Amino acid sequence: MYSGIIRFYSLSNVRKYLKELLERYQRDYDRSSNVVGSLLRTEGGKGMEVIMSKGWAKVGAMFVNVADPEKGGMEMTFQLVTEMKPRITKTEEILKTFESVEGLAIQADATFLLYLHGGIPERLVVDSTESKPENFAYKGDFATV
Amino acid sequence: MEDERQDVLEVSVVLESVEASRLSEKANENANSNYSLNVSLSERDRSTETLVLAYSLELTSQPQAGRFKVSGTATLKGNRDEIKEGITAPDEKQPPPILVMIYERVYSTLYVLSGALKVPHPMPNLLKKGS
């Protein structure tokens, strides 16, 4: 979900996508940080030990936690929150400065390829070789049978 | 992106406006059901995986007993080829698949309204005029 290439038919659609992406990240961040924050408040004074689990063991190429699922889950949520912050900051920055992309001299029928890496919009290709399909319109007369 | 890939065209139809009229005092549900249908579809918005169409269908019975006008939007979700297939009529004599789907989705409303107005029920299939 967080790495891939998406084609857009207009820059306004790219902007709309970035805005929705940022809103989604902020929603996920708020939800996850509320979970961690609420636990820290409930277990007041204990600090990070209520989040950090000692039940991890390396199994094959990954860490597995069988002994302490509650804290293990909380630790993962905390890690997720930590990783979300820079993603939000970067996406915000891209959106704030998107006007400079919109100010470029771009062919009217160009399409756009957006490259997302780790959830962060990193590159944009202005593709003048593939244009948006023609506007669809249809009129017809029928009989019901 | 790979995990959001659509395998089948997904279509959602929203009915935004309905007008229904009984045109003759003599009309009744059991009379011959012969409706002509005037259709218009136009693109409202498009992205690589979504096409939003505005539709308008006007049905008039012959002889004139009832008239219905329904309009709204149809949203097609799929990849570029699936969307193209959904809006392209197989041949000149047939309607585009999306029109058939729209008519199927609004048909129950038309059926109920025609019953309420005591005018003939429209039939459930479409045939292009002149074919």
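Leaving aside its neighbours within four places in sequence, which residues is A:Tyr9 in contact with? The legends below begin with that residue. This is a predicted model, in which local features need pLDDT of at least 70, side-chain atom pairs count only at pLDDT 80 or more, and totals for chains, interfaces and linings use all residues. Residues are numbered from 1 along each chain as its sequence is written, chains are lettered from A in the order in which they are written, and side-chain values use heavy atoms, with hydrogens and water left out.

View 1. Helices (H or I, at least four residues) and strands (E, at least two) are DSSP runs, numbered from the N terminus. A:Tyr9 is in contact (heavy atoms within 4.5 Å) with A:Ala110, A:Thr111, A:Phe112, A:Lys132, A:Pro133, B:Arg46, B:Ser47, B:Thr48 and B:Arg80, when its neighbours within four places in sequence are left aside. With a relative accessible area of 6%, A:Tyr9 is buried, a term that means under 20%, whereas exposed means over 50% and partly exposed in between (1.4 Å probe, protein chains only).

**View 2. The cis peptide bond from B:Gln62 to B:Pro63.** Omega of this bond is near -5°, and B:Pro63 is found in the loop between β3 (50-61) and β4 (66-77) of chain B. Most peptide bonds are trans.

**View 3. B:Lys118, a residue other than glycine with a positive phi.** Phi is near 55°, and B:Lys118 lies in the loop between α2 (97-117) and β5 (126-128) of chain B. B:Lys118 is partly exposed, with a relative accessible area of 48%.
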